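Me: I have a structure open and want to learn how to read it. Can you walk me through a few features?

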Amino acid sequence: MSILDKINKENDIKSIPMESMDNLAHEIRSFILEKVSKNGGHLAANLGVVELTMALHLSMDFPEDKLIFDVGHQAYTHKILTGRKDEFDTLRTLDGLSGFPKRGESNADAFDTGHSSTSISAAVGMAIARDLRGGNEKVCAVIGDGSMTGGMVYEAFNQLSQLKSNLVIILNDNEMSIDKNVGGVSKFLNRMRVGESYNDFKVGLENILMNIPDVGAKVAKGLKRSKDSLKGLFMQGSFVEEMGITYIGPVDGHNIREMTKTFKKAFKLNKPILVHVQTVKGAGYKYAEKYPEHFHGVDPFSLETGRSLVRKNRATYTDVFGKKLCELGEKDERIVAITAAMAHGTGVNYFQKRFPDRTFDVGIAEQHAVTFAAGLAAGGFIPVVAIYSSFLQRAYDQILHDVCLQGLHVIFAIDRSGLVGRDGETHQGIYDDAYLADMPGLTVIAPKNASGLSDALEYAAGCDGPVAIKYSRGFAYRGLTVATDFSDLRAEVLSGDMEPPLDGKKKVAIIAVGNMVEEAVKLRDKLIMENGITPFFVSGRFVKPIDEKLMREMTGKFDIIAFAEETCEAGSYGERAAGIILEELSQLCTGNKCETGFNMDNFRYPRLLNFCIKKEKVGQGAVNELRDRLGISADKMYEEINRLL
C-alpha cells in the first residue's frame with residue numbers, strides 16, 4: 001500500500017510520520033505527472049509547490065482554516081490532500097474536477113481564483129471577517145513572485161499594515177511567472193534571494209552578543225526589537241517591514257520539516273507575517289525544470305520524452321498575430337509591442353526577438369500596460385497591447401478613460417476571445433463585447449480567419465484612433481481566404497443574396513462573428529444539403545461599428561435572421577443588431593400599412609435568433625463540447641432553424 005493511499009480526506013496527512021514525508025512528496029509528484037500527461041493541465045507550477053503545500057497542510061486544519069492560492073493553477077497537491085485524488089481522471093474535463101480552487105467543489109477551497117495578484121486582498125478580508133466575529137481560524141495566502149508585479153498586491157499591503165492580528169503570506173519565489181519575471185520587483189527579490197550573507201552575519205553577531213557578560217543579552221534583544229534593525233541596515237528598501245509586516249526567510253521550499261516548523265511559528269505570532277519560500281518550478285521532472293515556460297500549461301504529453309501528444313502542424317491565431325506584427329514592425333518603426341508577462345502566450349515573443357528595444361513586458365500589470373500604451377501613443381508611437389480577453393477586462397477603466405476618451409491610436413490584440421475551454425469560467429473570453437461595445441471611438445474587429453486577422457492588423461496600424469481586434473485560442477481557420485478590405489467598416493457578404501426565392505422556400509440569413517464563421521460554414525452547408533436552402537451568409541467582422549446599413553437592408557426580406565457568436569448575450573452583436581432591425585420594422589410598417597417606398601409584396605416578418613452564450617458563466621470542457629451544450633454548435637443551430645422552417 002502506498003503512502004498516498006492513506007490520504008483520503010482533509011488532515012489525513014497528519015497521521016503520516018515526518019520521516020515518510022519525502023516519500024509522500026515523491027508519490028504526489030508522480031501522481032500529478034501521470035494525470036497531467038494524460039489530460040493536460042498546469043504542470044510546472046504544481047510540481048514546484050508539492051512540499052510547500054504539504055507543509056501548509058501539516059500546519060493548518062481544513063476546512064476550518066483558510067488557504068488562498070493566488071491564480072490557483074498550483075492547487076493540485078491541495079486537492080489531492082483534501083480528498084479529491086480519485087477525481088483526477090476528470091481533471092479539466094466537462095463537469096469534471098476543476099484545474100483551479102472552487103468553493104463549490106470542496107469546503108477546503110476557501111476562495112475561487114484564476115487571475116493573478118488577488119490572494120492577499122482576499123486574505124485580508126477573511127482575516128478581518130474572522131476578527132469581527134471573534135473567530136480563531138488561521139488565514140494564509142500563497143502568492144508567487146510573478147504575481148508581485150500586480151498593483152493589487154500593494155493596495156492589499158497598505159490595508160494589511162493596519163491589521164493587528166495574524167495573517168500569513170507565503171511568497172513562493174521560483175523566479176518565474178508564465179514568462180520570466182521582469183522589472184524592479186523581480187530585482188528586489190533577487191537581492192533577497194542572495195541574502196545569506198546578511199542572515200549568517202545576523203546569527204553570528206547575535207551569538208557573539210549573547211556571550212558578552214551582563215549586557216550582551218540585552219543588546220541582542222534590543223536589536224531584535226529595533227525598527228532600524230540589522231535587516232533594515234542590510235536590506236535597504238524592505239517595504240514589507242516598513243509596513244509593519246514581519247519578514248521571515250528565505251526558507252527552502254523543498255524542505256518539509258524546515259517549512260513546517262517555520263509555518264507553525266508564523267501562525268502563532270499575533271501579527272502579519274511574510275514567509276519567503278524558495279522553490280524550483282517544475283521540480284522533480286527534468287523537462288519541466290529545464291523548460292518551465294513550456295510546461296506551464298500543457299496538452300497531453302509523453303512522460304519519457306516530454307513531447308506533446310497533440311499534433312500541431314497548423315498555425316494558431318497567436319502565431320498569425322505574432323508574425324504579422326513583425327512584418328508591420330519592419331515597415332513602421334513607430335510600432336511597439338506591450339505584453340503583461342505573456343510574451344509567449346500572446347505571440348509577442350516573435351516581435352520581442354526581432355525588436356527587443358521596441359518590446360515592453362510590464363509584468364502582471366494589465367492596468368498599467370494600457371495607460372503605458374496611452375502614454376506611448378500620446379508620444380507619437382503606435383502601441384500594440386496583446387492581452388488575453390479575460391485579463392484585459394481588469395483594465396476596463398484604463399481602456400475607457402486613458403485611451404478611448406482621448407481617441408489615442410492604441411491597438412488592442414485580444415487573444416483567447418470566446419470560449420477558451422478547459423481552464424473554465426475564470427478564463428472564458430466571453431465578456432469582451434459587453435465591455436468594449438460602448439467604448440467611445442473604439443473600433444472592434446472580429447476577423448473570420450487567419451488572413452482576416454492579418455488584414456485587420458494592417459488596417460489597424462494604418463488608421464487613427466483606438467482599435468481592438470479579438471480572436472480565439474487555437475488553430476487559425478484557413479477557409480474563405482478571399483482578400484479582405486476593412487476600410488469600408490462594413491460587414492462582409494460571403495455567399496447568397498437578398499433576392500426573394502423563386503421556389504417559395506423560406507429565406508434564411510446567417511450573420512456570424514469572428515471564430516463562429518467557421519462553425520457557421522457547417523450550418524450553411526447543412527441547410528443547403530438537407531433543406532435545399534442557400535442562406536444569405538455574412539461575416540459580421542465589425543463588432544463596432546455594427547453595419548447598420550446592412551441590417552436595415554435585410555429587414556423584411558428574410559423569414560429567419562440568425563446571429564452566431566461566442567460571447568455573452570448582454571451587449572452582443574446579435575442583441576444590438578436585433579435592435580436595429582426591430583427599429584427599422586417599426587418605421588416600415590404601422591399595423592398592416594407600409595410606409596412609402598417599401599414594396600410589401602415580398603415582405604417577410606423575420607424570426608430573430610441570437611445564437612450566443614445565454615449563461616452568465618461557463619465552466620470547463622473542450623470547446624466543441626461547450627458549444628454543443630450552449631446550443632451554438634452547427635448541429636444545435638441547425639436543429640433550431642430546421643424546427644422553425
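Me: How many disulfides does the structure hold?

Reply: A disulfide here is a pair of cysteine sulfur atoms within 2.5 Å. The structure holds zero of them. Before we go on: this is a predicted model, where local features need pLDDT of at least 70, side-chain atom pairs count only at pLDDT 80 or more, and totals for chains, interfaces and linings use all residues. Residues are numbered from 1 along each chain as its sequence is written, and side-chain values use heavy atoms, with hydrogens and water left out.

Me: Is Cys612 buried or exposed?

Reply: Check the relative accessible area: buried is under 20%, exposed over 50%, partly exposed in between (1.4 Å probe, protein chains only). Cys612 comes out at 2%, so it's buried. Cys326 has 14%, so it counts as buried too.

Me: Where does Ala446 lie?

Reply: Helices (H or I, at least four residues) and strands (E, at least two) are DSSP runs, numbered from the N terminus. Ala446 lies in the loop between strand 12 (443-445) and helix 21 (450-462). Its relative accessibility is 1%, so Ala446 is buried.

Me: Which residues is Ala446 in contact with, leaving aside neighbours within four places in sequence?

Reply: Contact means heavy atoms within 4.5 Å. For Ala446, those partners are Lys470, Val513, Gly514, Arg541 and Val543.
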